[in-house]
Amino acid sequence: MFRPLIAAVAASAVALVIVTASLGGSTAAPALRGSVGPGFTIKLTKAGKVVKTLRAGTYRLTVSDRSAQHNFVLEREHAAERVVTSVPFVGTKTVTIKLTNGSWKVYCDPHAAVMVARFSVGSPLVAPTRATTTAADDHGGHGEPEPGDDHGGR
């Protein structure tokens, strides 16, 4: 008596899965990749391209932290921040993040003046600045030398 009902429910479920797959429906959050270090570099990419704008939504962010001197922080400008990796951490971390419309940035907290990448969520609100920094000398040579810096504090 229940067999025809079970068969009908199973057939409906299979049809729903096929229709969802054919429409490109996916419950997986889009992937973003972040990296920081080993030098004075930080970046955020999607599908191998530097992020300049994104749609609002939920993303899966995988960060590769290659230096104990740096961390990876995600912040909505002038709002809450999320520290994804800490200064002594070296390795890979994956987190789920929700990005809302506005101006965002990723940066290394100890070196925020030179290690920052900005992007917009939603309509472009600000023109993104350079997405990565590459040289230790980009910090302008002011203040104390960075750990491992053999430039004598210049």
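Reader: Is His 78 buried or exposed?
Author: His 78 counts as exposed, at 79% relative accessibility. Exposed means over 50% relative accessible area, buried means under 20%, and partly exposed is in between, using a 1.4 Å probe and protein chains only. Keep in mind that this is a predicted model, where local features need pLDDT of at least 70, side-chain atom pairs count only at pLDDT 80 or more, and totals for chains, interfaces and linings use all residues. Residues are numbered from 1 along each chain as its sequence is written, and side-chain values use heavy atoms, with hydrogens and water left out.

Reader: OK, and where is His 78 found?
Author: His 78 is in the loop between β6 (72-76) and β7 (81-85). Its phi is near 60°, a positive value in a residue other than glycine. Strands here are DSSP runs of E with at least two residues, helices are runs of H or I with at least four, and both are numbered from the N terminus.

Reader: What about the phi of Ala 47?
Author: Ala 47 has a positive phi of about 55°, although it is not a glycine. You'll find Ala 47 in the loop between β2 and β3, and it is exposed, with a relative accessible area of 77%.

Reader: Which peptide bond is cis, with omega near 10°?
Author: That is the bond from Gly 37 to Pro 38. Pro 38 sits in the loop between β1 and β2.

Reader: Let's zoom out. How many helices and strands are there in the protein?
Author: The protein has 1 helix and 10 strands. Along the sequence the pattern reads α-β-β-β-β-β-β-β-β-β-β.

Reader: How do β1 and β2 pair?
Author: Strand β1 (residues 31-36) and strand β2 (residues 42-46) are antiparallel, with 4 bridges. Val 36 stands opposite Ile 42 in β2.

Reader: And β1 with β5?
Author: β1 and strand β5 (residues 57-65) pair in the parallel sense over 6 bridges. Ala 31 has Arg 60 in β5 as its bridge partner.

Reader: Then what about β5 and β8?
Author: Those two are antiparallel, over 9 bridges. Gly 57 stands opposite Leu 99 in β8.

Reader: Back to Val 36. Buried or exposed?
Author: Val 36 is buried, with a relative accessible area of 0%. Val 36 and Asp 65 are 29 residues apart in sequence, yet 5.0 Å apart in space, C-alpha to C-alpha. Not counting residues up to four places away in sequence, Val 36 touches several residues, including Ile 42, Asp 65, Phe 72 and Met 115. A contact means heavy atoms within 4.5 Å.

Reader: What does Leu 32 contact?
Author: Leaving aside neighbours within four places in sequence, the contacts of Leu 32 include Leu 44, Val 51, Leu 54, Thr 62, Ile 97 and Leu 99. Leu 32 is found in strand β1 and is buried, with a relative accessible area of 1%. The C-alpha atoms of Leu 32 and Thr 62 are separated by 6.4 Å, though the two are 30 residues apart along the chain.

Reader: Switching to rings. How many aromatic pairs does a search of the whole structure find?
Author: The search finds 1 aromatic pair. The rings of Trp 104 and Phe 119 have centres 6.5 Å apart and planes at 20°, so the pair is stacked. Rings of Phe, Tyr and Trp (its six-membered ring) pair if their centres lie within 6.5 Å; planes under 30 degrees apart count as stacked, over 60 as edge-to-face and the rest as tilted.

Reader: Where do Trp 104 and Phe 119 lie?
Author: Trp 104 is in strand β9 (residues 102-107) and Phe 119 in strand β10 (residues 116-121), 15 residues apart. Trp 104 and Phe 119 are both buried.

Reader: Which ring does the charged end of Lys 93 sit over?
Author: The ring of Phe 89, 5.0 Å from its centre. Lys 105 lies over the face of Tyr 107, also at 5.0 Å from the ring centre. The cut-offs are NZ of Lys or CZ of Arg within 6 Å of the ring centre and within 35 degrees of the ring normal.

Key. Two strands pair if DSSP finds at least two bridges between them.
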